[in-house]
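Here's a quick tour of a multi-chain model, written for someone who likes cut-offs spelled out. Have the viewer open and follow along.

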Amino acid sequence: MDPQNRYENVGWTRKTTTKRVEMTTQETLAVAAPVRSRRRRRGGLGAYWLLVPAIAVLLIGEGYPLVRQVIMSFQEFGRAQQFGAPPEWIGLDNYRELFADAQMWGVVVRSLVFCAVNVALTMLIGTGFALIMLRAPRVPRVLLQVSMLLCWAMPVIAAMTAWQWLFDSRYGLINWTLTNLGLGDFTRHNWLIEPLSFYLVATVIVVWMSVPFVAFTAYAALTQVPEDALEAGQIDGANAWQRWRFIIYPSIRPALTIVLMLQIVWDLRVFAQIHYLQGVGGVPSETHLLGTYIYTLGVGQSEYGMASAFALFVLVLTLILTGRYVHALLKAETV
Amino acid sequence: MSTDTLAADTRVRAGTDRARTRRLRRSTRGRLWGAVAVTIALVWAFPAYWILNGALQPVEALRSPTPSFVPTDFTLDAFGRVLDGDFFASLRLSLSVTLICVALAVVCAFVAAVAISRFRFRGRVSFIIVVLTIQMIPPEALFISQYRMLNDWNLYNTIAGLSLLYVAAVLPFTVWLLRGFVDGVPVELEEAAMVDGCSRVRAFFTITFPLLAPGLIASGVFAFLQAWNEYTLAVVVMEPDNRTLPLWLRGMTTVSNEAIDWPAVMAGSVLVAVPVIVFFMIVQTKMTQGLVSGAVKG
Amino acid sequence: MKLSTMTRAAVVTTVAATLLAACSQGSTTDDPTDDATEDAADEGADEGEATDEAEETDEPAETGGEASGETITLWLAGETDTPVELEEWLVTAFNEETGATLEVQRIPWGELLERSNQALPDPDNTPDVIEMGNTQVPTYTSVGAFEDLSGLLEELGDIGPEGFIEAGTYDGTVYAVPYYWGSRYIFFDKAAFSDAGLEVPTTLDELSTAAIALREAGDDGFSGLWLPGQDWRNGISWIFAHGGDIAVKEGDQWVGALSSPESVAGLTQWQELYAGASTAPQDGKDAEAWVPFNNGEAAMFMAPSWARWSVEETKAEDLGAFALPGVDGGVAPVFAGGSNIAISAQSQNKELAADLMRLIFSDDYQTMLAENGLGPANPAFTELMGDDEFAQAAISAAENAKLTPASSEWAAVETASVMEEFFGRIAGGEDVATVAAEVDGQLADMLNG
């Protein structure tokens, strides 16, 4: 039994009488979307045609370079090869050298920790802000939303300039404030020289930048929690934690799960902020994360073979970390 | 959201929002949350304010022993210094690349989202896996291949080439976002309208499309941000004279034999941020709706 | 159903066509070369088109005067290092001389290596003539990036410094020649010196004593000598002054020399100076060394000669300069800053590129370099740099200047920030001999490829 056939017939036979050949995209989509969500129609070639633009762009922009990256990861590919020397096939040597490199493992571990801390903070603060938005009266709420929007819209380089000055050791506002609040002598305190402190600064910046996305998504999801459910909870005498745990959280969980996965992916390959901070100060070899390490290997030192091997390793690592979520998402697909 | 319609839901939501607000306004608790919200708003927006503050003062103010929290030596000189031909050339380049990227990404992603949301076909799950995986590729090691590819196709140093790479970079996320969104639009609405005598096309435009708009906008915003902010790839595939805005901005901080004009850098930062903020303000309401109805449905 | 499939196909094709149209529009309506040329104010309005045509022509240039329509590209390193007047002169003179067009592109130092890696091997996008930092050049001579200049050398006249030519030579062939040299010396506040009753130091020891005394006389945060911790380009002067070196070639192997007794002596003196006289951050680099000086937070700083123009007017009256003194007096060997210039091996217009090189080494251009404070490659013009104390400091410092090891792998050392971190650790108070030995091993690994 296939109730969708009904729509199919209605939809397509009507269309065949259409004389116009030129149609807008939207019309195509209207035609292509006559089915109730989730109950997907067994597609003919139509579905494939719709995928053509996306697949073409992905193949060109990512697929082809990725294939070359895989090939390069098995080659000796450095500056000489860039200048025309034939690349030598060296099998797994790049990988062997990479895995024997203690610095590389340091980078991996630091990145994992950095990612975990940043994702956790971002999710907590973002959800917290969303709850505040929900409870605050209109004017403060809009103010908070505008503020979030402002920092979300700040281009990375602009934001980094601001933070560079805030944390500046001689003229920075943060040192001045801490000293004047009597929290100790922060005169000329250097925030970037110790790796841990460097990562603290990076965390502040990354969290500051990522919270708005989480806050907005969580807030949008929260506005969809039925008011009745909340009120029912209140009448039952549930306290705030119980309301969160048993009513609110379950209903925004799907939203948070996807945001969580995205944050893991993004924070694991954080690049721009770290790269910028390394330019400002600190000790680069002790502050590399995955992104900057690949960049230094490839663009910096022209070790493209090694950089490619490492990038592929990072891809695998990301897949492992997000595997649970991807698996859950795929399971939902097959239903 | 499985049974009631989106439109109805939106109305209900708007209603509850209003009721909620009314109740909150009166309560002390509401006022407390309001105070918290305002405090956070100020703290979070502070770095943005600090940039503006720095842009409106001479450089000495930045390096004075006590910070000047408001531009007491107010001057617009810094803006005058950065608003030159280079800025407008970069602005044009950035706008072209970004807008093309947004348009292409939204269209390609939308079409693909419809396919995976509405059809069952061989390779569907594989496509989804590919889309998810591509998002995880670290981009830094792809540059050399991307450069060579564009060069072979005479797309080096062209807006088309750079846009193409940007589209590819944002497409996985936008497909994903829109797919969830298309999933959420019930076809029954459209059909109801058709029963009333609308053509399918009209039904689509009057009923479905307005509901899709937030999703399209949310994905557009994402594409916009990525293309507007990116600067490592732009070094690789564009000639030195063609700088996108972030590179123009960075150029000012890497001068080697003269003083860095920090107020000008900050003025430049403000100028680079303005188009994004304007764009965000325009689409703000729709965008937040889009985030939830789309990304969130999964 | 067949018909419907066809309809769908037709629609999709239309969509695809629209997409393609959007793509091609992107590339044609907004050709980026327009932007580039609009900015070059003094050049002809139709130059943009000329550029486009030239880029499509693959044929090499014919002889000089008949090359109209041809365009060659010159990459200058740094956004402002070569003054604009010099660039304009080159563009005009080149056009008069050859009839061809010279397009000058300025590459920020931070992008230079990355862009060179991409463009130099590529006949379509390579600059024809390229300026490169003297420490970066060896990396490219060894991979065949540059044209052999042996045939041109004689025409270019007397050139130096010798160290720059060495940096541009690989296997006995000269691939890159000196473009200009700069040298580092000490800028000081004459008023601060006279207030403290100090004389201009004549040995390195005296310099340390003076700097420490000034620091102690000043407020908290005041530097006798502003000495950022990771500023290795200035720091290595102390190694050189004591007769040490970064790395030396033994046979065909590079061996780190930072842990030699001479280097350690220099580094120890530098470490004491940093601890006693400088409040600069441990991770500070050589950028903007004049800022604390302008702010009244430092009595001395060490920088290349052009830093003079960044000193504020109020401070400029009392601004003095001296070359870094040697251990036993005289002038210490400092790090020789500056650039080399070369013709790309992939240039499609080597004749025109050679014409440009001749112009750069012409008397007129060498004069302009010297008058703008850039050390001219041709020593005959050095005296045109002037005879005030700044010029004298620059010239005497340059006489003894030294370069980094001429290994083709040196660029890797720079991109990995090895020297920055090394000096940063010493500034942080770590044991000099231990750190030096450790970094020597690292250098040997990297320099020998």
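Let's start in chain C with helix α16 (residues 363-371), where Tyr365(C), Gln366(C), Met368(C), Leu369(C) and Ala370(C) are buried. "Buried" here means that 20 or more other C-beta atoms, placed from the backbone, lie within 10 Å of the residue's own. Helices (H or I, at least four residues) and strands (E, at least two) are DSSP runs, numbered from the N terminus. The buried residues of α16(C) pack against α4 (84-98), β6 (176-189), α15 (350-360) and β12 (375-376) of chain C. After α16(C) comes Gly373(C), with a positive phi near 85°.

Before going on, some ground rules: this is a predicted model, with local features needing pLDDT of at least 70 and side-chain atom pairs counting only at pLDDT 80 or more, while totals for chains, interfaces and linings use all residues. Residues are numbered from 1 along each chain as its sequence is written, and chains are lettered from A and ligands numbered from 1 in the order in which they are written.

**A covered strand in chain C**

How many residues of strand β11 (residues 336-343) of chain C are buried? The count is 8 of its 8. In a regular strand, side chains alternate between the two faces of the sheet. For β11(C), one side has Ala336(C), Gly338(C), Asn340(C) and Ala342(C), the other has Gly337(C), Ser339(C), Ile341(C) and Ile343(C), and all are buried.

β11(C) has pairing partners too, where pairing means that DSSP finds at least two bridges between two strands. With β3 (residues 129-133) of chain C, β11(C) pairs in the antiparallel sense over 5 bridges, and Ile130(C) has Ala342(C) as its bridge partner. With β6(C), the pairing is again antiparallel, over 7 bridges; there, Val177(C) stands opposite Ile341(C).

**Chain C as a whole**

Zooming out, chain C comes to 20 helices and 12 strands, and 54% of its 449 residues are buried. Two residues count as in contact if their C-beta atoms, placed from the backbone, lie within 7 Å. Among chain C contacts between residues at least 6 apart in sequence, 75% join residues at least 24 apart.

**Domains**

In chain B, 13 residues of domain 1 are in contact with 15 residues of domain 2. On the domain 1 side of chain B, α2(B) gives the most, with 4 residues.

**A helix pair in chain A**

Finally, helix α6 (residues 102-135) of chain A packs with helix α12 (residues 240-268) of chain A at an angle of about 145°, their axes 9 Å apart. Axes are lines fitted to C-alpha atoms, for helices over the stretch in contact, and angles run from 0 to 180 degrees between N-to-C directions. On the α6(A) side the contact includes Ser111(A), Cys115(A) and Met123(A), and on the α12(A) side it includes Leu256(A), Leu260(A) and Asp267(A).

Key: A residue is buried if 20 or more other C-beta atoms lie within 10 Å of its own, exposed if 12 or fewer, and partly exposed in between; C-beta atoms are placed from the backbone.
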